[in-house]
Amino acid sequence: MRAQEVLEALKEKLGDKLRSPELKVEEIGHRRIRERGFLWAEIEREDLLEAVRALKELGPLHISIISGADVGEKIELIYHFAVGYGTPDGEVMVNLRLTVPKDDPVVPSICSVLPGALTTEREKIEFLGVEFSGIPDARKIFLPDDLEAHPWRKDEPELSQYVRYTVAWEAKKDERGEARA
Amino acid sequence: MKEVRLEPEEMSEKKLEKTCPTCFEVPIGPIHPALKEGIRFTFWVEGEKIKKVDIRPGFMHRGIEFMGTKRNLVQLIYLAERICGICSVSHPLALVQAVEEAAGIEVPPRAQYIRVIIGELERIHSHLLWAGVAAHELGFDTLLHYVWKVREPVLDLLEDITGNRIDYAIPIYGGVRRDIPPEKYPKLKDALRYYRSLVDDFVNFFLRDPSIEARTRDVGILTREEADVLCAVGPTARASGLRKDVRQDWPYFTYPDLEVKALTPEDMGLEVRGDVYDRIVVRLLEVVQSIQIIERCLEEMPEGEITSVPKVAALLAQLKKAEGEGIGRHEAPRGEVIHYIRLEADKEAPVVWKVKAPTYSNFMPWFPMFEDQEIADIPIVAASIDPCICCMERVYLVRGEREEVVWKEELLRLSREKTKRVASRLARHAPWGRKG
């Protein structure tokens, strides 16, 4: 599948809901040049499920990961999908970016379309404090059950105390001679 | 298609009491002889059959992504290398791709071939290690010792090329740090010939052995549909019949030139069943495939530079100015590795760094694999958790023309000296030390 085809198909299905799509095509290889496509786009949370369904119709769909960051007033999530595995050089990376306000961090879960996304959604709950509506299992996965802080959030006093402690501890390594020994 | 169960809430203890009053709960882990690393499995069994499983990882969480955002990008490579001791070049390879894309750094062709060669050598050693672990989990320790013995030459080779048995420290943004000089080609070719001559033995020992077949056939089945919807990666997905391989699907490095194909048991003329036996088949096929890829690389590898930015100071200055985001993917021995990175100008450390290792994707497929299996099959089904064996026996130094080996006794001496040094320093600073 070509990146251009993926973009056109998504535009046709989603129309204006796919905002500021950006296509990046690179050439890879020395003897035989192949194209490699990245598609970056923004999307509203209401349209996320529709977009994932549209991607799934395009070809075999794989979710690599959801990455996220605390960007001040909002939380940003990026869904990294790979569409079209199984054919040589046929995979296109589709990266859908969505932002949610911190006071209402609810995102629809995509597990109903792609059950394999459960692990990464559970991770985002505990690390960023977002909520996924309709997620089949919202328990902690990597962090201790009694930890209430969200390590990737920058606005949590309890957490920043941990961070300050850890950074100070790392800095003191030199004094203790551990780093050089 | 077997129904994919995703509602552990529904299968909570109360409901389980109603639906399966004769079920017993069997916890395995976080620390257990059958497991090599800390993870907790909770099985609900009826007689010998597993009715439900719950898996709780998190005992090995080190917060590496957080640590990464406190380091500069060159330090980050060596941190990424330590995410996994076995796929120790896969994470740096994905990371350098992500940063190169974000910062727009070109990579010379020879460096890309060297990256491929190291990646494929790693695949050979990782698959052999896995084969040994699988044999051990089946109670076939003779085979474990045999396989790990024949794994040694590839580690020696990696040591010879890079200076380290694991954690090779080879990739750098814009290329690689060490060339493979033509004088080393014969040594590489000899090792590849050695592994080629062993393939028949492996097929005999693993695939034609009646006891291994009895223990692994139709055990831990993952159907094609389950592998697809649960986003399995690597040999686990391919053993279920999915032709899914980052090297084939998504062009990077020189893999498009090498025409890598995703291998499934069909390539050996077998019907795909998606069981543990098929996973052995796929890994053995991939060892042969890696040998072929390295041979082709040695033939086709062009002369030239090995890095586009040789000076680390210049590289750091360039990276400090860079702004943007990038994705790097690599097919590690166990499956897809992906790194996402975001760089901001005037910041030495990345703003966001997200890492995904193969087991992260292969976590969900574990659930259907365990269903309706027997308790005795738990270790072999769970064996996709590879152990990290650190090779502490010796250190191999390659400094210019000189090659020397530091043996265990020497390491022990160094270690004792360090203990002495640390103890004396501690005594100096300790309150009871000052009095005297």
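Strand 3 of chain A is mostly covered, with nine of its eleven residues buried, where a residue is called buried if 20 or more other C-beta atoms lie within 10 Å of its own, exposed if 12 or fewer do, and partly exposed in between, the C-beta atoms being placed from the backbone. The model is a predicted one, in which local features require pLDDT of at least 70 and side-chain atom pairs count only at pLDDT 80 or more, while totals for chains, interfaces and linings use all residues. Residues are numbered from 1 along each chain as its sequence is written, and chains are lettered from A and ligands numbered from 1 in the order in which they are written. Helices (H or I, at least four residues) and strands (E, at least two) are DSSP runs numbered from the N terminus.

Over ten bridges, strand 3 pairs in the antiparallel sense with strand 4 (residues 74-83) of chain A, pairing being assigned if DSSP finds at least two bridges between two strands. Within this arrangement A:H62 stands opposite A:A82 of strand 4 of chain A, and in the hairpin of the two strands, which has two residues between them, A:G72 takes a positive phi near 80°.

Most residues other than glycine have a negative phi. In chain A, A:S20 has a positive phi of about 35° although it is not a glycine; this residue lies in strand 1 (residues 19-28) of chain A and counts as exposed because it has 9 C-beta neighbours inside 10 Å. In chain B, B:D218 likewise is not a glycine and has a positive phi of about 60°. B:D218 is placed in the loop between helix 8 (210-216) and helix 9 (224-229) of chain B, and it counts as exposed because its C-beta neighbours inside 10 Å number 12.

The domain assignment of chain A, whose bounds come from an automatic or database source, gives domain 1 (3-143) and domain 2 (148-181). The centres of these two domains, taken over C-alpha atoms, are separated by 32 Å. Their contact takes seven residues from domain 1 of chain A and five residues from domain 2 of chain A, two residues being in contact if their C-beta atoms, placed from the backbone, lie within 7 Å. On the side of domain 1 of chain A that touches domain 2 of chain A, strand 3 (61-71) and helix 3 (118-128) of chain A each supply at least two residues. By class, that side of domain 1 of chain A has three nonpolar, two polar and two charged residues, with Ala, Val, Leu, Ile, Met, Phe, Trp, Tyr, Cys and Pro counted as nonpolar, Asp, Glu, Lys and Arg as charged, and the others, Gly among them, as polar.

Between the chains, 38 residues of chain A are in contact with 40 residues of chain B. Strand 2 (34-42), strand 3 and helix 3 of chain A are the elements that give two or more residues to the side of chain A that touches chain B, and the largest share of that side, six residues, comes from strand 3 of chain A. The residues of this side of chain A divide into 20 nonpolar, eleven polar and seven charged.

Chain B has 19 helices and ten strands, and 47% of its 436 residues count as buried. Among contacts in chain B between residues at least 6 apart in sequence, 68% join residues at least 24 apart. B:S90, found in helix 4 (residues 90-103) of chain B, counts as buried because it has 28 C-beta neighbours inside 10 Å. Leaving aside neighbours within four places in sequence, B:S90 is in contact with B:G119, B:E122, B:H330, B:A332 and B:V337.

For helix 6 (residues 141-162) of chain B, the 22 residues should span 32 Å at 1.5 Å a residue, and the end C-alpha atoms are 31 Å apart, which agrees; the expected span is 1.5 Å times one less than the number of residues. Helix 6 of chain B bends by about 25° at B:E152, with a proline, B:P153, following within four residues, the bend being the angle between axes fitted to the seven residues ending at a residue and the seven starting there. The buried residues of helix 6 of chain B include B:L143, B:V147, B:R151 and B:E159. B:G163, whose phi is positive, near 100°, follows helix 6 of chain B.
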